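I opened a new model today and kept notes as I went. The entries follow the order in which I looked things up.

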Amino acid sequence: MRGLVLVSLFLSACTLTLEVVYPGHRITGLRTQETYCTAGNTRVDFAFDLEGRLDKVEFFWIPEGLTPDQARLEERYALSGPIHAGRVKGWLEVTPEGEVLAVSLTSPGSLSLRPQGVIVEPLPDRRLWLRGYTGGLAGPFVRAANWVRPDSSPSCDPAW
């Protein structure tokens, strides 16, 4: 009996802790081409590796040196999925002034997400950031390994 009292006292001192856990997708290897033309519109290619599945991905086309939480509303855009694991490729169509006209991507095993538009104010050097969502929970921000700079040469033809 005495042992039962000790066990009940011990159990009454225990607490249950619940923790919200990151849903499990992972974005790595985000890269973009390095230049865009100042004489006309350019499709800035990007690619990344995805582990898991995304319901949505946010794009942040922001000036170099800023972080996504500093992005203005017109510098953000989200595409809704599903986006499946594997190598994900796409492009942002940008004007010489830095305006994003469209975003498109494809992932293995899913239909491509059709181009959709958003406008941002012109600034010369920019960097692409992403953030994925699974089950409504946001993953971490992922920064492209390189920034994108304008190319004003008459022979501008950015290729990846």
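I began with burial: I call a residue buried under 20% relative accessible area, exposed over 50%, and partly exposed in between (1.4 Å probe, protein chains only). This is a predicted model, in which local features need pLDDT of at least 70, side-chain atom pairs count only at pLDDT 80 or more, and totals for chains, interfaces and linings use all residues. Residues are numbered from 1 along each chain as its sequence is written, and side-chain values use heavy atoms, with hydrogens and water left out.

**Entry 1: aromatic rings**

I describe a pair of aromatic rings by the distance of the centres and the angle of the planes. Rings of Phe, Tyr and Trp (its six-membered ring) pair if their centres lie within 6.5 Å; planes under 30 degrees apart count as stacked, over 60 as edge-to-face and the rest as tilted. How many aromatic pairs does a search of the whole structure find? It finds three. One of them joins Phe46 and Phe59, edge-to-face, at 5.5 Å centre to centre with 65 degrees between the planes. Phe46 is in strand β3 (residues 42-51) and Phe59 in strand β4 (residues 54-63), 13 residues apart.

I then looked at Phe60 and Phe141. They form an edge-to-face pair, 5.5 Å centre to centre and 75 degrees between the planes. Phe60 lies in β4 and Phe141 in strand β10 (residues 137-143), so this pair ties together parts 81 residues apart in sequence. Which of the two counts as buried, and which as partly exposed? Phe60 is buried, because its relative accessibility is 0%. Phe141 is partly exposed, because its value is 36%. I also noted one aromatic cluster, formed by Phe46, Phe48 and Phe59.

**Entry 2: strand β4**

I stayed with β4. Eight of its ten residues are buried, so β4 is largely enclosed by the rest of the structure. I count two strands as paired if DSSP finds at least two bridges between them. β4 pairs with strand β5 (residues 76-83) in the antiparallel sense over six bridges. There, Leu54 stands opposite Ile83. β4 also pairs with strand β9 (residues 126-134), antiparallel, over eight bridges. What is the bridge partner of Phe59 in β9? The partner is Leu130.

**Entry 3: charges over rings**

Arg43 lies over the face of Trp91, 3.8 Å from the ring centre. The charged end of Lys56 sits over the ring of Tyr133, 4.3 Å from its centre.

**Entry 4: two loop residues**

Thr38 lies in the loop between β2 (35-37) and β3. I list it as partly exposed, because its relative accessibility is 31%. Contact here means heavy atoms within 4.5 Å. Leaving aside neighbours within four places in sequence, Thr38 is in contact with Pro96, Pro150, Asp151 and Ser152.

Asn146 is in the loop between β10 and β11 (149-151). Is Asn146 buried or exposed? Asn146 is buried, with a relative accessible area of 7%. Not counting residues up to four places away in sequence, Asn146 touches Arg31, Thr32, Gln33, Glu34 and Arg127. A polar atom of the Asn146 side chain lies 2.8 Å from the backbone oxygen of Thr32.

Conventions
Helices (H or I, at least four residues) and strands (E, at least two) are DSSP runs, numbered from the N terminus. A charge sits over a ring if NZ of Lys or CZ of Arg is within 6 Å of the ring centre and within 35 degrees of the ring normal. A polar contact is a pair of N or O atoms within 3.5 Å; within protein, one must be able to donate a hydrogen and the other to accept it, and residues adjacent in sequence count only if both atoms are side-chain atoms.
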